[in-house]
Amino acid sequence: MPLPPKTLTGILAKGAAVLFGLATMPGAAMAEKSLVYCTEGNPQSFNAQLSTSGTTVNAVTPLFNNLVEMGADGQITGSGLAESYTISADGLIYNFHLRRNVNFHSNELFTPSRPLNADDVLFTFERQWNVGHPYHNVGPATYDYFKDMGLPSLLKSVVKLDDHTVRITLDHPEAPFLADLAMPFLSIQSAEYADFLMKSGRQTSFDEMPIGTGPFRLVSYQKDVAIRYKAFDGYWRGRQPLDNLIYSITPNIAVRLNKLRSGECHVMIFPNPAELGNIEKDPNLVLERQDGRNVAYMALNTQKPPLDDVRVRRAITLAIDKRTLVDAVYQNGGMPAKNPIPPGMWSYNDSIEDHPFDPVEARRLLVEAGHAEGFTLDLWYPPVTRPYLPNGKRAAEMIRENLERVGIKLTLKTESWGNYRRQVTQGEQDMVLYGWTGDNGDPDNFLYFLLNCGAVRPGGANIARWCNPGFEEQITKAKVTSDVSRRTAHYRTAQQIFHQEVPWFPIANSIIVVAHRKEVKNYTNNIFNQDFSGVDIEAR
């Protein structure tokens with residue numbers, strides 16, 4: 001959902017010079033600490049229930065907390081809004097005991113009258129789950145993440161035992177459920193704020209002017225320019241070192257680096273792999289590298305001829321020189337992928353041998369499939385730098401060159417990032433360049449979320465439109481047992497089926513690199529989201 005250019009009053013509309021002038025104003029403002037983060041695009045929403053995009057997740061991270069939290073290593077910390085929790089022996093009942101005196105932000109529309117309580121947890125679930133909920137149909141909300149993670153059928157009940165205790169009962173055991181609770185689409189929202197807006201007829205402001213319990217509160221948003229946040233004085237973990245956090249929306253990768261070098265921004269996401277050597281030599285800059293736990297892929301629409309024929313899908317895979325593509329697009333920032341999950345993730349099936357580069361065999365398969373004269377397809381590529389794909393256009397051009405040599409002609413297409421995400425989930429495209437960064441450290445977040453049969457729908461995450469009964473059986477069995485060895489066996493079998501059926505051409509697993517200025521302290525390159533909790537900046 002692209003936000004309108006002015007969703008908040010008081011927006012500083014005179015451009016970046018005024019917006020970022022905060023740190024250089026005379027008088028009292030001189031003492032304030034302001035950090036500018038150069039991000040790659042606009043958020044689609046300020047509510048992660050409504051969008052799975054990384055730009056949205058990064059925009060809402062400063063604003064919200066979850067019942068449980070996940071560390072940068074992908075492990076559940078248990079230090080979220082639930083002070084403690086218990087799980088029944090059969091894995092069906094979860095009791096969460098909420099922290100007391102956790103305050104919500106206020107804004108120009110609303111000042112909370114109470115701290116967080118169980119009503120807020122129920123609201124967060126019910127809005128997405130209950131089609132009769134007053135907020136379920138507010139805005140263009142389709143709750144794709146909630147649906148594609150299987151929660152509508154997994155949840156049996158979410159009830160309030162008292163103001164500070166919530167019981168969640170599942171229909172069946174779900175091994176990754178606790179990890180799911182740490183994901184942004186289940187960030188806890190204010191039921192009181194929602195009720196106030198409903199009574200005043202301003203329901204759409206809930207997702208445009210959010211309030212949360214996080215370390216920063218939203219001040220303003222100007223599309224294509226910036227998002228401004230202010231430290232929340234009432235934050236339950238204590239006030240943050242930064243007074244102001246500013247997201248400078250800078251799609252151009254070279255411009256982001258120039259802003260970093262000049263000091264106009266302090267943290268830059270996704271530098272060009274070709275520039276990493278120069279960044280390392282700059283005494284004012286620091287590189288933070290992290291295993292990306294991601295995969296870039298080309299989804300093949302298995303419901304559209306001729307891609308519904310596995311021989312054609314295999315031919316396409318064999319016709320692409322993956323090693324050369326990865327070397328050109330990622331340089332030292334990635335390695336060729338062969339599976340739908342990254343190699344650092346448990347249950348990765350390393351025994352699978354990647355499809356070779358074999359144009360001769362590709363041509364033979366196309367002839368066998370009745371396409372000796374070739375055919376034409378469209379290939380969509382992302383218009384912006386992604387953590388899993390630094391240059392979608394270059395990748396698409398190289399794939400086009402490879403496929404033309406075996407008689408497959410490609411028409412390259414793209415859209416603005418928001419439109420691109422909407423378009424490619426509708427199921428009309430032939431082939432789509434896309435990717436995924438894991439949200440919770442569990443293989444389920446790749447294999448089930450991206451490839452389950454229920455996600456084959458308009459808006460669903462399964463953009464290959466691939467529904468394989470054998471694969472579905474394995475990923476479903478893996479969800480309902482907590483035995484890691486059994487889950488691993490199911491996931492490894494699922495990867496073998498994926499390899500045989502080729503719904504994707506896996507491209508690469510990338511290293512996530514963030515560059516920041518030396519004066520930035522306590523920053524961690526968190527592959528799941530950009531978290532500025534505890535980050536400080538030294539005066540220079």
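**View 1. Strand 4 (residues 155–162) and strand 5 (residues 165–170) pair in the antiparallel sense.** In this predicted model, the pairing of strand 4 with strand 5 extends over six bridges. The two strands are joined by a hairpin, with two residues leading from strand 4 to strand 5. Within this pairing, Asp 162 is found opposite Thr 165, a residue of strand 5. In a regular strand, side chains alternate between the two faces of the sheet.

**View 2. A disulfide links Cys 453 and Cys 467.** The structure contains one disulfide, and the sulfur atoms of Cys 453 and Cys 467, which form the bond, are separated by 2.0 Å from S to S. Because the torsion about the S-S bond of Cys 453 and Cys 467 is about 95 degrees, the disulfide is right-handed. Both Cys 453 and Cys 467 lie in the loop between helix 16 (444–451) and helix 17 (469–479), so the pair ties together parts that are 14 residues apart in sequence.

**View 3. The cysteines Cys 467, Cys 38 and Cys 265 are shown with their solvent accessibility.** Cys 467, one partner of the disulfide with Cys 453, has a relative accessible area of 46% and is therefore partly exposed, a class that lies between the buried limit of under 20% and the exposed limit of over 50%. Cys 38, by contrast, has 0% relative accessibility and so counts as buried. Cys 265 likewise counts as buried, because its relative accessibility is 0%.

Note on methods:
Residues numbered from 1 in each chain as written. Predicted model: local features only at pLDDT ≥ 70, side-chain atom pairs only at ≥ 80, totals over all residues. Heavy atoms only, no water. Disulfide = S-S within 2.5 Å. Helix = DSSP H or I, 4+ residues; strand = E, 2+ residues; numbered from the N terminus. Buried < 20%, exposed > 50% of the residue type's maximum accessible area, 1.4 Å probe, protein only. Pairing = 2+ DSSP bridges.
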